[in-house]
Amino acid sequence: MERSVLIVEDEPLIADDLLYHLEDIGISTIEVALKYEEALEKIQNTQFDLALLDVNLSGNRDGIDLANFIKRQQSLPFIFITSYYDQDTLNRAKETDPLAYILKPFDKREVTVGVEMAFHKIALSKKAPSRFYVRDKDGLLPVNPDEILYVEAFDNYAKVFTETNSHIISHTLKSIEDKLTPFGFDRVHKSYLINTSKISRINDGYVFFNETPIPIGRAYKNIFMSKIALL
């Protein structure tokens with residue numbers, strides 16, 4: 001399957017490295033923009049499957065500004081590339097809902113994992129509904145994925161927790177995981193599936209949703225923590 005990627009990176013050497021890594025994993029259509037304005041023109045005039053956006057573009061507008069434009073005007077998934085975050089930048093970046101982060105200095109493996117996982121999420125999201133329905137005493141109730149905090153397994157049942165309610169689902173955690181993975185959910189324990197965008201904090205082997213602790217299982221810890229962007 002032919003895939004197209006736009007690289008937005010103001011350092012030519014880094015842009016070239018990204019281009020070579022993408023070519024090595026079989027992406028045939030790649031364009032590079034070195035400035036915000038050039039990227040904007042390409043996005044408006046060319047159809048891409050994915051964009052790699054450098055957060056710290058030189059000039060008055062940065063990669064997060066470009067991501068905000070994409071969210072408003074386009075349906076182009078994107079990954080952020082950056083060497084550092086201050087807290088304000090991190091907060092701005094999170095609000096744009098990127099598919100992933102690639103931290104500089106990167107190697108081929110990090111680019112490959114980030115890009116391939118992004119394309120996997122894109123493929124799953126095209127198949128996934130925008131909302132789900134759960135059975136309740138009042139009938140079938142709609143639940144948007146972004147309302148869900150976490151899901152807990154109980155044998156062949158699961159309990160879905162939102163900020164205001166909970167629902168018992170007559171499905172295994174694995175079947176629910178398959179449906180929610182495209183929406184940013186990760187397995188952190190054999191009994192827990194979490195919405196990573198709703199985490200309040202991570203501390204001492206637990207992720208917290210407000211003051212509710214969810215354990216991180218030993219078998220899941222390394223994979224989960226490798227996905228966390230640290231300052």
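**Reading cores, sheets and rings**

Biologist: Which residues touch the most other members of the largest nonpolar core?

Modeller: Of the 22 residues in that core, Leu-22, Leu-50, Leu-52 and Val-115 touch the most other members. Keep in mind that this is a predicted model. As a general idea, nonpolar side chains tend to be buried together in soluble globular proteins. Here, at least two core residues come from each of strand 1 (4-8), helix 1 (12-24), strand 3 (50-54), strand 4 (78-82), strand 5 (100-103) and helix 5 (108-127).

Biologist: Okay, let's zoom in. What does Leu-52 touch?

Modeller: Leaving out residues up to four places away in sequence, Leu-52 touches Val-5, Leu-6, Ile-7, Val-8, Leu-18, Leu-22, Ile-79, Ile-81 and Val-115. There's also a second, separate core of 21 residues, and Ala-33, Tyr-36, Ala-67 and Ile-70 are among them.

Biologist: Now the sheet. In what order do the five strands come?

Modeller: Strands of a sheet pair through backbone hydrogen bonds, either parallel or antiparallel. In this open sheet the order is 2-1-3-4-5, and the pairing is parallel. Strand 2 (29-33) and strand 5 sit at the edges, each pairing on one side only. Ignoring direction, neighbouring strands are turned by 20° against each other on average.

Biologist: How many bridges join strand 1 and strand 3?

Modeller: Four, in the parallel sense. Ile-7 has Leu-52 as its bridge partner in strand 3. Helix 2 (residues 36-45) packs on the sheet and touches strand 1 and strand 2, with its direction making about 145° with that of strand 2.

Biologist: And the rings? How many aromatic pairs does the structure hold?

Modeller: Six. A pair of aromatic rings is described by the distance of the centres and the angle of the planes. Take Tyr-150 and Phe-161: they're stacked, at 4.5 Å centre to centre with 20° between the planes. Tyr-150 lies in strand 8 (residues 148-154) and Phe-161 in strand 9 (residues 157-162), so this pair ties together parts 11 residues apart in sequence.

Biologist: Are those two buried or exposed?

Modeller: Both Tyr-150 and Phe-161 are buried. Tyr-150 also pairs with Phe-209, this time tilted, at 5.5 Å centre to centre and 35° between the planes. Phe-209 is in strand 14 (residues 206-209) and Tyr-150 in strand 8, so that pair ties together parts 59 residues apart in sequence. Tyr-150, Phe-161, Tyr-192 and Phe-209 form one aromatic cluster.

Biologist: Why does Phe-209 count as buried?

Modeller: Because its relative accessibility is 2%, and buried means under 20%.

Biologist: Last one: where does the charged end of Arg-3 sit?

Modeller: Over the ring of Phe-119, 4.7 Å from its centre. Likewise, Arg-201 lies over the face of Phe-208, at 3.9 Å from the ring centre.

Key. Residues numbered from 1 in each chain as written. Predicted model: local features only at pLDDT ≥ 70, side-chain atom pairs only at ≥ 80, totals over all residues. Heavy atoms only, no water. Core = buried A, V, L, I, M, F, W, Y, C linked by side-chain atoms within 4.5 Å. Buried < 20%, exposed > 50% of the residue type's maximum accessible area, 1.4 Å probe, protein only. Contact = heavy atoms within 4.5 Å. Phe/Tyr/Trp six-rings, centres within 6.5 Å; stacked < 30°, edge-to-face > 60°. Lys NZ or Arg CZ within 6 Å of the ring centre and 35° of its normal. Pairing = 2+ DSSP bridges. Axes fitted to C-alpha atoms, helices over the stretch in contact; angles between N-to-C directions.
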